[in-house]
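Subject: Structure handover

Hello,

Here is the structure I promised to pass on. My notes on what I found follow below it.

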Amino acid sequence: MAKVILKDIKKIYPHSGSSRKRSLFKRKKNEPEKKSNLQITDQGVVAVQSFNLAIEDNEFIVLVGPSGCGKSTTLRMIAGLEEITEGELYIDGELMNKVEPKDRDIAMVFQSYALYPHLTIRQNIAFPLTIEKVPKDEINQRVEQAAEILGITDLLERRPKALSGGQRQRVAIGRAIVREPKILLMDEPLSNLDAKLRTQMRAEIIKLHRRIDTTFVYVTHDQVEAMTLGDRIVIMKDGFVQQVGTPQEVFNRPRNIFVAGFIGTPQMNFFDAKIILEHKQYYLEFNKQKIALTDELNEKLAKTSVDTMDIILGIRPNHIQIGASDDDQVVEFEGKIEVAEMMGTEMHLHILVEDEEKTVVVQIADISEEQLAQLKEDNILKFGFDLSHSHFFDAETELRIQK
Amino acid sequence: MKTDKDKKPLQTKKILGRIGTIVFAIICALYMYPVVMVILNSLKVESAIQTSRAFEFPTAESFSGLENYGKAINSQGFLKSFGYSLFITASSVFLILLCCSMFAWYITRRKGIFSKIMYLLCAFSMVVPFQMVMFTLSQTADRLNIFGLRFNTPWTICFIYLGFGAGLAVFLFSGFIRSIPIEIEEAALIDGCNPLQVFFKVVFPILRPTMISVGILETMWVWNDYLLPTLVLDIKKYRTIPMLIQYFRGSYGKVEMGPMMASIVLTILPVILIYLLGQKHIIKGVMSGSVKG
C-alpha cells in the first residue's frame, strides 16, 4: 500500500555513438530517421515527457498505449531499473529518484516471467525473502500462503522449465506478492499467454488485487485488459500522456482522436464534417445534411466565436443503425458492405463510405429477418446515427469539443 | 507419389553418411594410435621399446607389468611434480573461472566504449601466439616484484595463466551471458539483490554449463603446458609434470623409455577423467524454460 506521485517525469535515452552514425548514414540515403514519432533532441530520444500522475493507495492503475509509447519505460522508472532524466518520483512521500530498486519496496512481474531457471518453484518464490534473511519458518509459511492464493501448491518442488506458461506466470506473481510490497508493478504479464488463459488470468488478477492491499501499476498494450482491470487508465502515445481517467470516462469522453480510436473494439469510426454558424445557431454540415446542434454544444461553440470549423465526427460502431430514420438528429449516409462477419449474437459489417472503410456492429436481436437478409456483401444500404451518441473533435487540434 | 527423383538424394545422403563414417574412423584411429602406442609400451621392458618390437603387442617375454609405473613414481620426484601441476592447474582454473565470468558479465551488461575495447582486446589476445610474447613475459615474471610478491613460483604462476586464459574464457562467457535474458537479472535487482548478489546468486549458477566447458578447456591447457612453466619457473626447484617427463632423458642421450611412457600415461589420466566426469554435467538447455514458453 502506497501512494505514488510522478511529477513532471521525463526520460531521454542518450544517443549512442553507433546509432548517431547510423542515423547520419540513413539521412544520406534519404530514409526516414525513425518510425515512431518520438521527439529527438540533441541529448537523445525523448521516450517519456511531462508525465504527471498521482496514484492513490491501493489503486489499480493501467498504463496503456501502442508499442513505443513510453509505458514500459515509465514503469521501469518507477521500479528503478531506468534512471529518471528529469522530474521527481515519490513513493509514500519519499523522493525515490536515486534510491536503488531493492530499497524501494516494490515487486515486479515481467512479461517473460524471468524466473530463476536453476531454482525450484519454492526457491523462486522464496528468493526475495531469502535475500532479506527472513527466518526459515516464516519463509516456508509465507511461500505456502502465496502458493495457496495462486493455486500452485503442488508445483513447489518443480523447476520453471517443467511448467506451462500460465503456471509460470502464477509463480512470477507469487514471487512478487510474497514480499508484501508497497507497489506491485506488472509489465505486460499476460502477453505471452493464449487468449483463453489470458481471460482467466485477468480475472485472477482482479481477485488478487481485492485480496491483497497493494497498489498495482500495470502496463499493457491491450485496451481490453486496460478497461477490465484498471481503476484508472493512463493512455499514452509518443511519450505523452493522452488521458487519465476511469474506464468509463475514457470510453465515453475521450479527450482526443487518438484516445477515441484506441479505446473500444471495433474501433470508433471517424467522418469529416463541418460546423457552420447561421443566425446564432450552429449547424453540423455532413453529407449534404444540415442539423442544428444541441444547446450545450451551441453554448460552448459560441464562446469560441468561430463561424465555421472543420471537425471530425466520431461514432462507435454499435451506435450506427441500419435504414433511414425520421428523427432530425440522425445523420444519414450510404455505404457498400464489403465484408459481413457473423459473430453469433452480433454482426460486424465492414462498409465502404466514399472509399473509406467504416465498421458497423449490428445486434442480431434488434433487427428483423428482412433486414438481416440484406446484410450481404456488395449490397448498398442506408445507415444512420444519432448525433447525441457522436463525439466532436476539432480537425486541427484533434481535441474533443464537447464536455 | 514418390518418384525416382525423390529417392535419389536420400540414397546419396546415405552413401555420403557412410563415407563420412569411414573417413572419421580413419582420423580417429590416427589420433588414437600414439596414445595406444604409449600405453602399450609403458607395459613393456626397456629393451623391447628401444627396438623394432616397439610396435608389437607385449608378449610374455617383453611384458613388464607395472614395473615402469613403479619406476616412474619413485624416480625424479614424480609425486612432488604431480602436486605442483595439480596446484597450478587448480589455482589457475579457479582464478580464470571466477575472474573471467565476472569480467565477462560486466563488459556484456555495461555497454560502452570501455567494454567494447576490453572485449576486442580479449578476442585479440587469442590470436597472439605465445611464442611472440614468451621472452618478454619470462623476463617480466622474473623481475616483477609487487610488495614481495614474485611471479616465478608455482604459487603465483596462476596469475600469468589468468592473463593467458582470459581471452578464450571471456570470449566464451560473454557469448553465453548475452543469451541470458536481462529480465532475470532485473528481477533479482528488484527482489533485493545488490550487484554482487545478482552475480553470485543468479548469474553464476546459470553459467554452470559454460563454467564446466571453459573449466575443461583451461584444465587441459594448463595441465599439459610445458613452455610457460619451463620459462617462468626455476627449473632446479620446481618441476611440473610436462617438465619432469623431459628429465627422463638422461644427460648422456640415454632415454629411459619405459618410465617415461608410464609417466605420460599417468599424466594424461587425470585430464581424461575430468573430461569424462565433466561431460556428464554439460547440460544443454538449463536455460530453456526460464523465459517464455
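**A residue in helix 1 of chain B**

B:Val38 sits in helix 1 of chain B, which covers residues 4-41. Helices (H or I, at least four residues) and strands (E, at least two) are DSSP runs, numbered from the N terminus. Before going on, note that this is a predicted model: local features need pLDDT of at least 70, side-chain atom pairs count only at pLDDT 80 or more, and totals for chains, interfaces and linings use all residues. Residues are numbered from 1 along each chain as its sequence is written, while chains are lettered from A and ligands numbered from 1 in the order in which they are written.

B:Val38 counts as partly exposed, because it has 15 C-beta neighbours inside 10 Å. The cut-offs: buried means 20 or more other C-beta atoms within 10 Å of the residue's own, exposed means 12 or fewer, and partly exposed is in between, with C-beta atoms placed from the backbone. Leaving out residues up to four places away in sequence, B:Val38 touches B:Met261, B:Ile264 and B:Val265. Contact means C-beta atoms, placed from the backbone, within 7 Å. B:Gly148 is 110 residues from B:Val38 in sequence, and 43 Å away in space, C-alpha to C-alpha.

**Chain B overall**

Chain B has 13 helices and 2 strands. Its radius of gyration is 25 Å, well over the 19 Å that the globule rule gives for 293 residues, so chain B is more spread out than a compact globule. That radius is taken over C-alpha atoms, and the rule is 2.2 Å times the number of residues to the power 0.38. The C-alpha trace spans about 80 × 70 × 35 Å along its principal axes. Of the 293 residues in chain B, 31% are buried. Among contacts with a separation of 6 or more in chain B, 73% join residues 24 or more positions apart.

**Chain A overall**

Chain A contains 11 helices and 20 strands. Its average pLDDT (the predictor's confidence in each residue, from 0 to 100) is 87, and 95% of the residues score at least 70. Residues 19-35 of chain A fall below 50, and this stretch has 6 contacts in the model beyond near neighbours in sequence. In chain A, 36% of the 403 residues are buried. The C-alpha trace of chain A spans about 80 × 55 × 45 Å along its principal axes.

Where do the domains of chain A lie? Domain 1 is 4-105 + 181-262, and domain 2 is 269-394. These bounds come from an automatic or database domain assignment. Their centres, taken over C-alpha atoms, are 34 Å apart.

Helix 3 of chain A (residues 121-132) has several buried residues, including A:Ile121, A:Ile125 and A:Phe127. Their cover includes helix 4 (136-150) and helix 5 (165-177) of chain A. Just after helix 3, A:Lys133 takes a positive phi of about 60°.

In chain A, 4 strands form an open antiparallel sheet in the order 2-1-4-5. Pairing requires at least two DSSP bridges between two strands. Strand 2 (44-55) and strand 5 (94-95) are the edges, each pairing on one side only. Strand 4 (residues 86-91) and strand 5 pair antiparallel over 2 bridges. A:Ile91 has A:Glu94, in strand 5, as its bridge partner.

Best wishes

Definitions and conventions:
Contact = placed C-beta atoms within 7 Å.
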